[in-house]
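The entries follow the order in which I looked things up.

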Amino acid sequence: IRKLGLDPNYFHVLNVGLFTRDKNQGYVFEIAKKLKDYKIHYHFVGNQAENFKDYWQPLMNFRLESCFIHGERNDVDLFYQAADLVLHPSLNELSPLAVREATSYDLPVYMFNLPVYDNMYEPYKNIKFLSKDVDKDSQLILDNFNIKRIDDDSSFGSSLSKEYEELTGLK
(Lines give C-alpha, C1' and ligand atoms only; values in the text may rest on other atoms or scores of the structure.)
Protein backbone atom coordinates (compact mmCIF):
# COMPACT_ATOMS: atom_id res chain seq x y z
CA ILE A 1 0.00 0.00 0.00
CA ARG A 2 2.77 2.37 0.95
CA LYS A 3 4.75 1.93 -2.26
CA LEU A 4 1.69 2.81 -4.34
CA GLY A 5 0.60 5.67 -2.07
CA LEU A 6 -2.78 4.07 -1.35
CA ASP A 7 -4.86 5.07 1.66
CA PRO A 8 -4.70 2.25 4.24
CA ASN A 9 -8.07 3.36 5.68
CA TYR A 10 -9.85 2.24 2.51
CA PHE A 11 -10.80 -1.15 1.13
CA HIS A 12 -9.01 -1.66 -2.22
CA VAL A 13 -10.68 -3.42 -5.14
CA LEU A 14 -8.50 -4.34 -8.12
CA ASN A 15 -9.40 -4.99 -11.73
CA VAL A 16 -6.64 -6.00 -14.16
CA GLY A 17 -7.04 -6.18 -17.92
CA LEU A 18 -7.32 -4.43 -21.24
CA PHE A 19 -10.28 -2.00 -21.27
CA THR A 20 -12.77 -3.76 -23.55
CA ARG A 21 -16.45 -4.70 -23.57
CA ASP A 22 -15.48 -8.33 -22.96
CA LYS A 23 -13.45 -7.41 -19.87
CA ASN A 24 -16.53 -5.49 -18.69
CA GLN A 25 -14.92 -2.86 -16.43
CA GLY A 26 -18.22 -1.00 -16.71
CA TYR A 27 -19.70 -3.54 -14.29
CA VAL A 28 -17.13 -2.54 -11.67
CA PHE A 29 -18.04 1.12 -12.26
CA GLU A 30 -21.70 0.19 -11.63
CA ILE A 31 -20.78 -1.53 -8.35
CA ALA A 32 -18.74 1.56 -7.40
CA LYS A 33 -21.87 3.69 -7.91
CA LYS A 34 -23.92 1.38 -5.68
CA LEU A 35 -21.27 1.40 -2.95
CA LYS A 36 -20.31 5.08 -3.23
CA ASP A 37 -21.02 5.68 0.47
CA TYR A 38 -18.37 3.18 1.57
CA LYS A 39 -14.62 3.53 2.03
CA ILE A 40 -13.71 1.66 -1.14
CA HIS A 41 -11.18 2.60 -3.81
CA TYR A 42 -11.32 0.83 -7.16
CA HIS A 43 -8.06 0.40 -9.05
CA PHE A 44 -7.99 -0.40 -12.75
CA VAL A 45 -4.69 -1.60 -14.17
CA GLY A 46 -4.65 -2.17 -17.90
CA ASN A 47 -4.23 -0.63 -21.30
CA GLN A 48 -6.83 1.71 -22.75
CA ALA A 49 -6.13 0.80 -26.36
CA GLU A 50 -7.20 3.30 -29.01
CA ASN A 51 -9.18 0.65 -30.93
CA PHE A 52 -11.46 0.15 -27.88
CA LYS A 53 -11.93 3.86 -27.15
CA ASP A 54 -15.64 3.64 -28.00
CA TYR A 55 -15.99 1.42 -24.90
CA TRP A 56 -13.72 3.02 -22.34
CA GLN A 57 -14.09 6.74 -23.16
CA PRO A 58 -17.72 6.96 -21.95
CA LEU A 59 -16.69 5.16 -18.75
CA MET A 60 -13.98 7.76 -18.12
CA ASN A 61 -16.44 10.61 -18.64
CA PHE A 62 -18.69 9.37 -15.83
CA ARG A 63 -16.36 7.63 -13.42
CA LEU A 64 -16.49 8.34 -9.72
CA GLU A 65 -13.61 9.83 -7.74
CA SER A 66 -13.22 6.44 -6.06
CA CYS A 67 -12.19 4.85 -9.40
CA PHE A 68 -8.50 5.17 -10.18
CA ILE A 69 -7.16 4.37 -13.64
CA HIS A 70 -3.51 3.33 -13.48
CA GLY A 71 -3.01 2.30 -17.10
CA GLU A 72 -0.59 -0.34 -18.23
CA ARG A 73 2.03 -0.96 -15.55
CA ASN A 74 5.09 -3.11 -14.98
CA ASP A 75 4.49 -3.25 -11.22
CA VAL A 76 1.13 -5.05 -11.19
CA ASP A 77 2.44 -7.26 -8.39
CA LEU A 78 2.32 -4.27 -6.04
CA PHE A 79 -1.38 -3.82 -6.80
CA TYR A 80 -2.07 -7.48 -6.04
CA GLN A 81 -0.16 -7.12 -2.77
CA ALA A 82 -2.19 -4.03 -1.81
CA ALA A 83 -5.62 -5.28 -2.92
CA ASP A 84 -8.32 -6.62 -0.64
CA LEU A 85 -10.44 -8.02 -3.47
CA VAL A 86 -10.13 -8.65 -7.20
CA LEU A 87 -13.26 -8.03 -9.26
CA HIS A 88 -13.08 -9.80 -12.60
CA PRO A 89 -16.46 -9.48 -14.35
CA SER A 90 -15.29 -10.61 -17.79
CA LEU A 91 -17.96 -11.70 -20.22
CA ASN A 92 -15.64 -13.59 -22.57
CA GLU A 93 -12.48 -15.35 -21.39
CA LEU A 94 -10.64 -18.62 -21.70
CA SER A 95 -8.33 -18.92 -18.70
CA PRO A 96 -7.77 -15.43 -17.33
CA LEU A 97 -4.25 -14.63 -16.20
CA ALA A 98 -5.55 -12.00 -13.74
CA VAL A 99 -7.53 -14.66 -11.87
CA ARG A 100 -4.56 -17.01 -11.72
CA GLU A 101 -2.33 -14.17 -10.51
CA ALA A 102 -4.86 -13.14 -7.86
CA THR A 103 -5.20 -16.69 -6.53
CA SER A 104 -1.40 -16.95 -6.32
CA TYR A 105 -1.56 -13.97 -3.91
CA ASP A 106 -4.38 -15.75 -2.05
CA LEU A 107 -6.73 -12.86 -2.82
CA PRO A 108 -10.48 -13.23 -2.92
CA VAL A 109 -11.74 -13.06 -6.50
CA TYR A 110 -15.30 -12.26 -7.50
CA MET A 111 -16.04 -13.19 -11.10
CA PHE A 112 -18.70 -14.52 -13.44
CA ASN A 113 -18.76 -18.30 -13.82
CA LEU A 114 -18.62 -18.45 -17.60
CA PRO A 115 -19.61 -21.69 -19.38
CA VAL A 116 -16.16 -21.91 -20.97
CA TYR A 117 -14.61 -22.34 -17.49
CA ASP A 118 -16.47 -25.66 -17.19
CA ASN A 119 -16.58 -25.15 -13.40
CA MET A 120 -12.78 -25.19 -13.11
CA TYR A 121 -12.85 -22.43 -10.47
CA GLU A 122 -15.43 -24.04 -8.17
CA PRO A 123 -12.81 -25.80 -5.98
CA TYR A 124 -11.13 -22.48 -5.06
CA LYS A 125 -12.30 -21.32 -1.63
CA ASN A 126 -11.32 -17.71 -2.33
CA ILE A 127 -13.36 -17.40 -5.56
CA LYS A 128 -17.00 -16.34 -5.44
CA PHE A 129 -19.24 -16.07 -8.45
CA LEU A 130 -21.08 -12.88 -9.31
CA SER A 131 -24.76 -13.07 -10.22
CA LYS A 132 -24.75 -10.40 -12.98
CA ASP A 133 -27.15 -8.38 -10.82
CA VAL A 134 -25.39 -5.21 -9.62
CA ASP A 135 -27.54 -4.88 -6.49
CA LYS A 136 -26.94 -8.49 -5.41
CA ASP A 137 -23.24 -8.36 -6.26
CA SER A 138 -22.76 -5.09 -4.36
CA GLN A 139 -24.45 -6.67 -1.35
CA LEU A 140 -22.25 -9.76 -1.72
CA ILE A 141 -19.20 -7.53 -1.22
CA LEU A 142 -20.71 -5.83 1.84
CA ASP A 143 -21.77 -9.18 3.33
CA ASN A 144 -18.30 -10.69 3.04
CA PHE A 145 -16.06 -7.80 4.09
CA ASN A 146 -16.07 -5.35 6.97
CA ILE A 147 -16.14 -2.09 5.01
CA LYS A 148 -16.80 1.18 6.78
CA ARG A 149 -19.11 3.86 5.49
CA ILE A 150 -17.48 7.15 4.50
CA ASP A 151 -19.43 9.00 7.19
CA ASP A 152 -18.21 6.59 9.90
CA ASP A 153 -16.12 8.79 12.20
CA SER A 154 -14.85 5.99 14.43
CA SER A 155 -11.40 6.32 12.93
CA PHE A 156 -9.27 7.13 15.98
CA GLY A 157 -6.52 4.96 14.54
CA SER A 158 -6.41 6.83 11.25
CA SER A 159 -6.13 10.26 12.87
CA LEU A 160 -3.42 8.94 15.17
CA SER A 161 -1.65 7.57 12.10
CA LYS A 162 -1.78 11.00 10.40
CA GLU A 163 -0.36 12.65 13.52
CA TYR A 164 2.40 10.06 13.55
CA GLU A 165 3.16 10.68 9.87
CA GLU A 166 3.32 14.44 10.43
CA LEU A 167 5.49 14.03 13.50
CA THR A 168 7.95 11.56 11.99
CA GLY A 169 7.72 12.38 8.31
CA LEU A 170 7.18 8.64 7.69
CA LYS A 171 4.31 7.18 5.71
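**Entry 1: two helices.** I am working from a predicted model. I looked up helix α1 (residues 25-34) and helix α2 (residues 53-61), whose axes come within 10 Å of each other. I noted a pair of values because two packed helices are described by the angle between their axes and the distance between the axes. The axes of α1 and α2 cross at roughly 15°. That makes α1 roughly parallel to α2, since angles under 35 degrees count as roughly parallel. I also wrote down that the crossing of α1 past α2 is left-handed.

**Entry 2: the contact.** Which residues of α1 meet α2? I found Q25, G26 and F29 on the α1 side. Their partners in α2 are Y55, L59 and M60. I sorted the residues of this contact by type: four are nonpolar, two are polar and none is charged.

**Entry 3: cover on α1.** How many of the ten residues of α1 are buried? I noted seven, and α1 is mostly covered. The buried ones are Q25, G26, Y27, V28, F29, I31 and A32. I then checked what these buried residues pack against, and the list includes α2 and the strands β1 (11-16), β2 (40-45), β3 (67-71) and β4 (85-88). Helix α5 (134-144) is also one of the elements they pack against.

**Entry 4: cover on α2.** In α2 I found Y55, W56, L59 and M60 buried. Seen down the helix axis, the buried residues of α2 fall within an arc of 115°, so they line one face of the helix. The buried residues of α2 pack against α1 and β3.

**Entry 5: the loop.** I moved on to backbone angles, keeping in mind that most residues other than glycine have a negative phi. D118 has a phi near 50°, a positive value, and D118 is not a glycine. I placed D118 in the loop between β5 (109-111) and β6 (127-129). Is D118 buried or exposed? D118 is exposed, because its relative accessible area is 62% and the cut-off for exposed is over 50%.

**Entry 6: N119.** I looked up N119 in the loop between β5 and β6. N119 is not a glycine, yet its phi is positive, at about 65°. With a relative accessible area of 41%, N119 is partly exposed.

Definitions and conventions:
Residues numbered from 1 in each chain as written. Predicted model: local features only at pLDDT ≥ 70, side-chain atom pairs only at ≥ 80, totals over all residues. Heavy atoms only, no water. Axes fitted to C-alpha atoms, helices over the stretch in contact; angles between N-to-C directions. Helix = DSSP H or I, 4+ residues; strand = E, 2+ residues; numbered from the N terminus. Parallel < 35°, antiparallel > 145°, perpendicular 65-115°, else oblique. Left-handed = near helix turned anticlockwise from the far one by under 90°. Contact = heavy atoms within 4.5 Å. Nonpolar A, V, L, I, M, F, W, Y, C, P; charged D, E, K, R; others polar. Buried < 20%, exposed > 50% of the residue type's maximum accessible area, 1.4 Å probe, protein only. Arc of directions from axis to C-beta.
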